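Colleague: Could you walk me through the terms behind this model? I'd like to see what each one rests on.

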Amino acid sequence: MRGQGFICCASQPPAGSPCSAGAAAAAPPVNSFLSLSSAPSMESTCSGRIWTCSWTLQERKTQPWFGRASMTGPCITLIAVSSEEGASELSLERMLHMVFGAMVLIVGLEELTNIRNVERLKKELRASYCLIDSFLGSSELIGDLTQCVDSAIPPEGSLMQETLSGFAEATGTAFASLLVSGRVVAATEGWWRLGMPEAVLLPWLVGSLPPQAARDYPVYLPHGSPKVPHRLLTLTLLRGLELCLLCGPRPPLGQLDPQLLERWWQPLLEPLRACLPLGPRVLPEGFPLHSDILGLLLLHLELRRCLFTVEPSRDKEPSPEQRRRLLRNFYTLVATTHFPAGPAEKEEEAGSPAQRPRACYLVLGPGAGWRLVAVQLGLRRLLLLLSPQSPAHGLRGLATHTLQALTPFL
């Protein structure tokens with residue numbers, strides 16, 4: 001959901017106002033507002049942990065603004081206000097999950113739920129502003145909404161995976177990944193096993209930081225370790241391509257010297273360079289897509305990974321920004337109305353025989369005529385944005401054929 005006006009954080013919801021703030025915090029970047037105050041705990045109906053998804057929700061609608069308030073802990077209230085008239089409950093709720101997760105990622109849960117020094121907390125939270133703003137803007141990623149890790153398919157995936165696993169073992173960590181523009185192109189088994197929301201938040205964090213040759217960044221894991229920090233080490237192999245390690249006290253950053261990096265990664269220089277265009281494109285160069293496809297979103301519901309691109313046929317309308325917005329809105333509609341989680345998914349996970357793909361489609365109009373189609377088969381779900389020339393009677397067949405072609409990648 002795009003177009004949020006601000007995010008507000010307060011330690012106690014006020015009577016008759018969206019946020020209580022004894023003293024206003026320093027203004028964060030454009031498109032967001034953040035304030036904090038020290039106050040007694042909220043009522044006992046509040047959930048203690050955001051990742052349990054046990055929310056106390058209050059909704060207020062006054063045209064043309066829509067708001068969503070969520071109680072996420074004993075001391076924190078998050079309020080999102082959107083100027084988008086059709087803002088969905090799903091997108092608002094998931095955005096608040098990501099915002100609170102970003103706050104925990106940077107300062108830890110203990111600092112948020114047991115506030116001892118409000119002014120110090122304000123200063124520490126400034127480090128999360130860029131990450132939070134990336135959820136409020138028009139991002140090229142979609143993991144904030146789908147709760148799946150944005151991924152890309154490298155041209156020599158097996159070789160890259162083998163090298164990454166060997167490098168991680170040599171440096172003493174089980175958690176390593178390669179990122180291109182916030183998308184994971186390769187990762188160790190340990191990295192893929194990270195829980196939500198940190199599996200989505202860590203690549204977003206790296207993408208929101210200014211470019212640097214190397215970083216040693218303390219992070220908390222909202223699900224796995226909300227009170228004890230870990231170290232996120234990042235090393236730029238090529239401009240736009242970063243190596244990430246999640247570790248404890250060791251190894252020191254100085255141990256990852258250029259000689260070590262060169263020994264492991266110099267033989268893969270050309271495959272690494274071939275990864276650079278994968279940022280917006282996601283799929284390997286030359287992968288055959290039907291000429292009517294303007295954008296796609298593929299999700300693996302069990303692995304919690306997704307492929308999202310609006311690069312096909314860039315010379316056609318609509319613009320990339322419009323394509324992303326259309327697919328985000330269609331995903332929300334599909335996830336809440338047409339393919340909600342239910343007994344069908346549970347049967348498929350238990351190994352029941354393959355069923356006929358479920359599908360739905362939408363024709364936009366009047367005037368535009370763009371087609372949106374979704375198809376789900378087993379644990380994979382594909383959403384396509386298609387040109388007006390694509391015949392309605394062939395949408396299901398085109399989507400099913402595309403899903404089958406993409407299945408080996410995800």
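This is a predicted model: local features need pLDDT of at least 70, side-chain atom pairs count only at pLDDT 80 or more; totals for chains, interfaces and linings use all residues.

Colleague: What makes helix H8 mostly covered?

Modeller: Helices are DSSP runs of H or I with at least four residues, strands are runs of E with at least two, and both are numbered from the N terminus. Buried means under 20% relative accessible area, exposed over 50% and partly exposed in between, with a 1.4 Å probe and protein chains only. In H8 (residues 198-208), ten of the eleven residues are buried, among them Leu 202, Trp 204 and Leu 205.

Colleague: Why is H1 called roughly perpendicular to H3?

Modeller: Axes are lines fitted to C-alpha atoms, for helices over the stretch in contact, and angles run from 0 to 180 degrees between N-to-C directions. Under 35 degrees counts as roughly parallel, over 145 as roughly antiparallel, 65 to 115 as roughly perpendicular and the rest as oblique. H1 (residues 89-107) and H3 (residues 118-125) pack at about 105 degrees, with axes 10 Å apart, which means that H1 is roughly perpendicular to H3.

Colleague: Which residues of H1 and H3 meet?

Modeller: Met 103, Ile 106 and Val 107 of H1 meet Leu 121, Glu 124 and Leu 125 of H3, where contact means heavy atoms within 4.5 Å.

Colleague: How do you know that E11 and E15 pair?

Modeller: Two strands pair if DSSP finds at least two bridges between them. Seven bridges join E11 (residues 293-300) to E15 (residues 380-386), and the two run antiparallel. Leu 298 stands opposite Leu 382 in E15. Both strands belong to an open six-stranded sheet with mixed pairing, in the order E5-E12-E11-E15-E14-E13.

Colleague: What makes E5 and E13 the edge strands?

Modeller: Each of them pairs on one side only.

Colleague: And what is a nonpolar core?

Modeller: A nonpolar core is a set of buried Ala, Val, Leu, Ile, Met, Phe, Trp, Tyr and Cys residues joined through side-chain atoms within 4.5 Å. The largest has 45 residues, and Trp 191 and Leu 202 are among those touching the most other members. H1 gives the largest share, twelve residues. Apart from this core lies another, of 26 residues, including Phe 167 and Leu 261.

Terms used: Residues are numbered from 1 along each chain as its sequence is written. Side-chain values use heavy atoms; hydrogens and water are left out.
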